[in-house]
Amino acid sequence: MELERWTITVACFWGTCSTGLIYLFSIYSGALKKQFDFSQGELELINTAVFCAGILGVFPGWMSDRLGPSKAMLVGGATMGVAFTFFW
């Protein structure tokens, strides 16, 4: 039971961290543009991809119903981490 509590805590922590990246995009988008010489269109593509991920939120809901919330959070956090890694 104790291990399950920590699993849920870690899943919520990573879910919160990955969600925070979405809300902070306007803060670090200028640094991305300057550091990687992105055009405004490329930055908009990144932001649009994040927006589409929100629209596709029905799939995480389905996964949460099937696997439980803690496993769904782990899968979702890992998926978002990999997706943001590919943006680099």
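Rings of Phe, Tyr and Trp (its six-membered ring) form an aromatic pair if their centres lie within 6.5 Å; planes under 30 degrees apart count as stacked, over 60 as edge-to-face and the rest as tilted. A search of the whole structure finds two such pairs. The model is predicted: local features need pLDDT of at least 70, side-chain atom pairs count only at pLDDT 80 or more, and totals for chains, interfaces and linings use all residues. Residues are numbered from 1 along each chain as its sequence is written, and side-chain values use heavy atoms, with hydrogens and water left out.

**Aromatic pair**

- Phe 13 and Trp 14 make an edge-to-face pair, with 5.3 Å from centre to centre and 75 degrees between the planes.
- Phe 13 is partly exposed because its relative accessibility is 49%; buried means under 20% relative accessible area, exposed over 50%, and partly exposed in between (1.4 Å probe, protein chains only).

**Core**

- Phe 25, Leu 32, Phe 38, Leu 43 and Ile 46 make up the largest nonpolar core, a core being a set of buried Ala, Val, Leu, Ile, Met, Phe, Trp, Tyr and Cys residues joined through side-chain atoms within 4.5 Å.
- H2 and H3 are the elements that give two or more residues to this core; helices (H or I, at least four residues) and strands (E, at least two) are DSSP runs, numbered from the N terminus.
- Leaving aside residues up to four places away in sequence, Phe 25 touches Leu 32, Leu 43, Ile 46 and Asn 47, where contact means heavy atoms within 4.5 Å.

**Loop between H2 and H3**

- Asp 37 is in the loop between helix H2 (25-36) and helix H3 (40-55).
- Most residues other than glycine have a negative phi.
- Asp 37 is not a glycine, yet its phi is positive, about 55 degrees.
- With a relative accessibility of 67%, Asp 37 counts as exposed.

**Helix H4**

- Helix H4 covers residues 58-67 and lies largely in the open, because the number buried among its 10 residues is zero.
- Phe 59 lies in H4 and is exposed, at 52% relative accessible area.
- After H4 comes Gly 68, with a positive phi near 100 degrees.

**Helix H5**

- Ala 83 belongs to helix H5 (residues 69-87).
- Its relative accessibility of 36% makes Ala 83 partly exposed.
- Ala 83 and Ala 49 are 34 residues apart in sequence, and their C-alpha atoms are 9.6 Å apart in space.
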